[in-house]
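The exercises below ask for a geometric reading of the model, each followed by a solution in steps. Please keep the sequence and the coordinates at hand while working through them.

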Amino acid sequence: MENFKVLLVDDEKEFVAALVERLSIRGIYAEGASTGEDAISKISETEFNVVLLDLKMPGMSGLDVLENIKSINPSVKIILITGYGSIQLGEEGLEKGAYHYFTKPINIDDLIDKIKEAVNG
Amino acid sequence: MKILFKIYRNFVPKYLEDKTLPQESVFRYNRVWTYVVLLTSAVALTPLIFMTFININQYQKTFENEMMNPILALTSNAKRSLEFNFEERKAALTYVISDKSFKELSDGTKLANCFYNLKQSFGGFIDLGLIDSNGNQISYIGPYELQGKNYIDQNWFNEVRVRDFCISDVFMGFRGFPHFVMAVRHKNDIGAFYILRATIDVEFINWQIANLHLGPSCDAFLINRQGILQTSSHFFGDILEKYILNVPRYSSHEEVIEIKDDKGHPLILGYSYIEQSPFIFMAVESPEDLMKNWLSLRSSLLVFLFVSVIVIILVIFWSSTYMVNKIKEADIKRARVVHDLEYTNKMASIGRLAAGVAHEINNPMAIINQKAGLLKDIISAQNDNPYKDKFLGLADSILQSVDRCGTITHRFLGFAKRMDFKTAPIDLELLIKEVLGFLGKEANYRDIAVNLHVADSLPEIESDRGQLQQVFLNIINNAFAATSDGGNIDITIKEKHEFARVTITDSGHGIPEEHLENIFEPFYTTKKEGTGLGLSITYNIVQKLGGDIKVKSKVGKGTGFTVSLPIKNEAFK
């Protein structure tokens with residue numbers, strides 16, 4: 001098991017469940033959150049190393065969540081997940097301190113490489 | 001010839017040559033052109049023509065006055081002179097007959113004395129005779145033997161019997177040369193009368209006419225009231241011949257009129273009835289010489305008018321044509337802008353719709369992707385599962401399909417996302433392959449061979465990806481539409497003079513020459529269901545990208561479009 005923790009935030013619960021399980025199979029501790037509020041709550045309770053954050057969610061937007069998380073834990077690395085049509089949002093997220101962004105659909109191996117790169121600096 | 005044709009084209013409105021314009025547009029342009037020509041012509045030409053004819057009329061009157069006034073003056077002078085001379089001789093005869101008694105005048109010596117005095121004082125007297133009331137010549141002095149001759153049957157005798165004085169017509173008489181008679185009557189105390197008669201030589205009148213100093217084109221003569229020439233005339237014959245034209249109507253004063261001779265030539269006639277005589281003084285002048293200056297001036301005025309009218313009409317035609325051509329160009333430009341705007345709006349709407357749809361599809365695709373991945377992860381861990389390989393194969397198949405869906409949605413978004421021009425380095429070969437990807441299925445179904453030839457070391461170009469996709473999709477779509485099943489489409493990409501040239505050649509039915517120059521016009525189409533916008537939009541995009549598009553075609557052989565695009569695009573800098 002890797003010694004870092006990943007929080008996956010996406011309103012698509014099925015997506016979250018499958019990806020969390022796949023990361024676990026690969027020895028990465030991951031938790032899921034389906035709303036921004038849920039994610040902020042979990043960040044406050046647990047020290048995550050990496051947050052995978054969907055930018056388009058109902059309620060609190062991905063960029064707002066990003067700013068909140070950064071204010072709570074500035075050292076956490078945030079990798080954004082966007083639809084192809086929201087690349088502009090992804091670039092905006094990078095300006096606000098995100099580490100990287102992926103467009104859906106995501107290749108699991110590319111994702112893990114990027115998580116490890118983020119954790120290891 | 002070419003220059004003439006070029007000039008001619010400036011006067012012919014372009015809408016007449018443009019077979020692609022709708023009938024109502026041609027009608028509208030035609031109406032504008034016609035109104036402008038007619039109104040401008042009316043405003044410009046009416047005053048010119050009006051003023052020219054007023055001028056001509058004024059000049060004509062002036063010339064006529066100048067022409068008639070000398071004749072009027074001549075006639076007036078002649079009338080005064082003749083009347084004075086007749087009056088003078090009448091007074092002299094009256095004096096003689098009043099001063100001398102019948103007896104004294106019957107005395108040949110005394111009559112001869114009187115005749116001598118008259119001849120000395122006044123010219124023209126040929127002879128002198130005393131005639132009693134029975135018409136018998138009592139005494140006679142003159143060159144002929146006329147003593148005792150009776151004049152009772154003579155007109156002049158009968159006339160003077162009634163009136164105190166008479167001048168006869170010119171006649172040859174016993175003397176055999178032209179002369180006329182002046183006779184005065186005297187009544188004595190008992191009421192009997194006798195007549196003093198003098199014969200006057202016509203030369204006396206000729207001499208007076210000669211003294212008028214006529215010009216070579218003028219003729220002056222006397223006629224009597226029956227129209228018999230009383231003196232010779234240059235134009236109308238010798239003395240005592242018939243004057244062939246009508247005798248002018250009586251007027252107490254001199255008149256000038258325009259008449260025509262027997263051949264229809266115009267003449268200016270001045271005439272005057274000489275009082276107390278049967279004579280009419282006539283002065284005739286041919287106006288042709290006098291009119292020469294006037295006719296020359298009138299010709300100049302008419303030539304000036306004609307040339308001015310032609311020049312004005314040409315200028316009006318040219319300016320009207322120029323104006324209508326400009327209106328047509330402005331209309332086309334406006335239509336193009338409207339079309340571009342509509343197209344931009346349409347594409348922006350499609351882009352937003354496509355982005356929304358793609359996003360919505362991407363989310364479930366992401367779930368399928370992860371679920372299939374998870375399935376694969378789980379199966380991979382089950383070494384004892386007899387269907388492991390089959391399940392892994394199925395999972396891979398699902399993942400590949402998800403990838404394909406991803407590619408399609410990405411391409412769709414990339415194609416339709418926005419209309420703003422944004423430069424990026426573009427690999428033209430890759431871009432065209434992407435476009436061909438849209439048409440790959442159709443090519444397979446219709447057995448159309450698409451051959452792509454790319455020059456070695458072709459550099460990337462700076463341009464807008466989305467716009468270029470649109471350009472090549474339009475052209476390649478048209479090539480597919482024109483090509484029969486089993487045909488070929490060749491695409492070559494090469495570099496030439498800082499430009500990348502993409503030539504797309506089909507083996508289709510070709511485009512007739514008359515359509516070639518119009519195919520980039522908006523709404524020009526030869527397809528039954530075409531909008532006529534595709535190539536117009538393509539053309540505009542290529543222009544905006546700083547490039548150029550050309551077409552060559554042969555009916556039955558095929559069509560080739562060449563798109564030239566700058567490798568380094570200054571249009572974006």
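**Exercise 1.** Determine whether B:Asp127 is buried or exposed, and find which salt bridge the side chain of B:Asp127 forms.

*Solution.* B:Asp127 has a relative accessible area of 0% and is therefore buried, where buried means under 20% relative accessible area, exposed over 50% and partly exposed in between, with a 1.4 Å probe and protein chains only. The side chain of B:Asp127 meets that of B:Arg197 in a salt bridge, at 3.9 Å from N to O; the term requires a side-chain nitrogen of Lys or Arg within 4 Å of a carboxyl oxygen of Asp or Glu. Since B:Asp127 belongs to strand 1 (residues 125-132) of chain B and B:Arg197 to strand 5 (residues 193-201) of chain B, the pair ties together parts that are 70 residues apart in sequence. Helices (H or I, at least four residues) and strands (E, at least two) are DSSP runs, numbered from the N terminus. B:Arg197 is likewise buried, with a relative accessible area of 1%.

The model is a predicted one, in which local features need pLDDT of at least 70 and side-chain atom pairs count only at pLDDT 80 or more, while totals for chains, interfaces and linings use all residues. Residues are numbered from 1 along each chain as its sequence is written, chains are lettered from A and ligands numbered from 1 in the order in which they are written, and side-chain values use heavy atoms, with hydrogens and water left out.

**Exercise 2.** Describe the salt bridge between B:Arg28 and B:Asp331, and state where the two residues lie.

*Solution.* The closest N and O atoms of B:Arg28 and B:Asp331 are 3.0 Å apart. The pair links distant parts of the chain, with B:Arg28 in helix 3 (residues 23-99) of chain B and B:Asp331 in helix 8 (residues 287-381) of chain B, 303 residues apart. B:Arg28 is partly exposed at a relative accessible area of 35%, whereas B:Asp331 is buried at 15%.

**Exercise 3.** Locate B:Asn150 and identify which residues B:Asn150 touches, not counting those up to four places away in sequence.

*Solution.* B:Asn150 sits in the loop between strand 2 (137-141) and helix 6 (155-162) of chain B, and is partly exposed with a relative accessible area of 32%. With contact taken as heavy atoms within 4.5 Å, B:Asn150 touches B:Asn134, B:Gly135 and B:Asn136, residues up to four places away in sequence being left out. The side chain of B:Asn150 reaches the backbone oxygen of B:Asn134 at 3.0 Å. B:Gln137 is 13 residues from B:Asn150 in sequence, yet the C-alpha atoms of the two are 6.1 Å apart in space.

**Exercise 4.** Characterise the interface: how many residues of chain A are in contact with chain B, and how many salt bridges cross between the chains?

*Solution.* In the interface, 19 residues of chain A are in contact with 16 residues of chain B. Three salt bridges are found across the interface of chain A and chain B; B:Lys371 and A:Glu14 form a salt bridge through their side chains, at 2.8 Å from N to O. Helix 1 (residues 13-25) of chain A contributes seven residues, the largest share of the side of chain A that touches chain B. By class, that side of chain A has eight nonpolar, four polar and seven charged residues, where Ala, Val, Leu, Ile, Met, Phe, Trp, Tyr, Cys and Pro count as nonpolar, Asp, Glu, Lys and Arg as charged, and the others, Gly among them, as polar.

Methods. A polar contact is a pair of N or O atoms within 3.5 Å; within protein, one must be able to donate a hydrogen and the other to accept it, and residues adjacent in sequence count only if both atoms are side-chain atoms.
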